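Please open the model in your viewer and keep the selection tool at hand.

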Amino acid sequence: MRFDGMIFDIEGTLIDCIPQNLRSWQETLSSFGMTVPLEVLQLYSGMDGDDMLQILAPDMDKNVRKRALEAEGKNFQARYLNSVRAFAGIRHLFEAIKREDGKIAIATDCTDPVLKHYRAVLGVDDLIDVIACGEDVKEGKPSPKLVRLAAQRLRLLPDRVVMTGDTPYDAEAARGAGVSALGVLTGGFSQTALKDAGCFAAIKEVGEMQKFLATPGIPRVEETPLMPGFS
């Protein structure tokens with residue numbers, strides 16, 4: 001294979017939950033006296049929550065930011081968590097990767113019980129080699145710490161690993177960790193935004209990776225180069 005290890009983000013990449021996340025944040029910020037349009041929140045989807053709050057509310061006290069983060073987590077769990085679904089084709093994709101002797105890692109700033117629920121929805125724990133999560137690293141993407149830890153736990157050199165994510169912050173984290181970045185369009189960001197952040201390509205959704213695992217040449221989607229074939 002071109003890559004021996006594949007690292008995946010969860011939210012917006014494996015789990016379809018971005019609309020719920022954005023609504024949860026909008027509701028939470030409203031309860032803190034802030035009116036933020038969904039299209040503005042979308043710009044920061046996938047960014048470390050504390051980093052996002054420092055941009056949206058630069059005058060907000062550190063302790064208030066902490067309370068807002070906790071409130072958003074509780075709101076999402078109570079109102080939206082049970083509505084999330086996995087994107088199609090993930091088990092087939094992971095099985096194909098394992099057949100090629102590839103290793104699979106998850107890199108997400110999620111923590112339990114949300115991460116536990118996502119894993120139950122995905123139903124692919126038997127195919128995952130390692131997980132790096134918010135309980136391991138407190139600083140989320142675009143910090144490269146999560147991705148770097150996932151690659152280390154895979155015991156692979158960074159240049160043999162690709163990170164798949166749905167946001168520019170996933171790509172920035174990957175590149176910061178010395179890992180290649182592949183984008184998916186399921187997080188609401190454009191191909192241009194993903195590639196500008198460092199993705200070598202972008203595909204419509206993660207399940208589409210399967211048909212490229214053993215395909216030579218450079219497949220295309222909407223005239224944009226996709227994932228190079230494996231060898």
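Predicted model: local features only at pLDDT ≥ 70, side-chain atom pairs only at ≥ 80, totals over all residues.

A search for disulfides across the whole structure returns zero. Select Cys133 and Cys110 to see one reason: the closest cysteine sulfur to that of Cys133 belongs to Cys110, and the separation is 8.7 Å, too far for a bond. A disulfide would require the two sulfur atoms to lie within 2.5 Å. Cys133 is buried, at 6% relative accessibility.

Next, select Cys199 together with Cys17. Here the sulfur of Cys199 has its closest cysteine sulfur in Cys17, 18 Å away, which is again too far for a bond. Cys199 counts as buried, its relative accessible area being 5%.

Turn now to the aromatic rings. How many aromatic pairs does the structure hold? There are three. For one of them, select Phe3 and Phe200: the pair is stacked, with 6.3 Å from centre to centre and 25° between the planes. Phe3 is located in the segment before strand E1 (5-8), while Phe200 occupies the loop between helix H9 (191-196) and strand E8 (201-203); the pair therefore ties together parts that are 197 residues apart in sequence. Colour the two residues by accessibility. Phe3 is buried, with a relative accessible area of 2%, whereas Phe200 is partly exposed, with 27%.

Then move to Tyr169 and Phe189. Their ring centres are 6.3 Å apart and their planes meet at 85°, so this pair is edge-to-face. Tyr169 belongs to helix H8 (residues 168-176) and Phe189 to the loop between strand E7 (180-184) and H9, so the pair links parts 20 residues apart in sequence. Are these two residues buried or exposed? Tyr169 is buried, at 9% relative accessibility, and Phe189 is buried as well, at 11%.

Thr164 is buried, and its relative accessible area is 0%. Which residues does Thr164 touch, not counting residues up to four places away in sequence? Display the following side by side with Thr164:

- Ile7, Phe8, Asp9 and Thr13, which are among the residues touched by Thr164;
- Leu182 and Val184, also among the contacts of Thr164;
- Val206 and Met209, which Thr164 touches too.

How values were computed:
Residues numbered from 1 in each chain as written. Heavy atoms only, no water. Buried < 20%, exposed > 50% of the residue type's maximum accessible area, 1.4 Å probe, protein only. Phe/Tyr/Trp six-rings, centres within 6.5 Å; stacked < 30°, edge-to-face > 60°. Helix = DSSP H or I, 4+ residues; strand = E, 2+ residues; numbered from the N terminus. Contact = heavy atoms within 4.5 Å.
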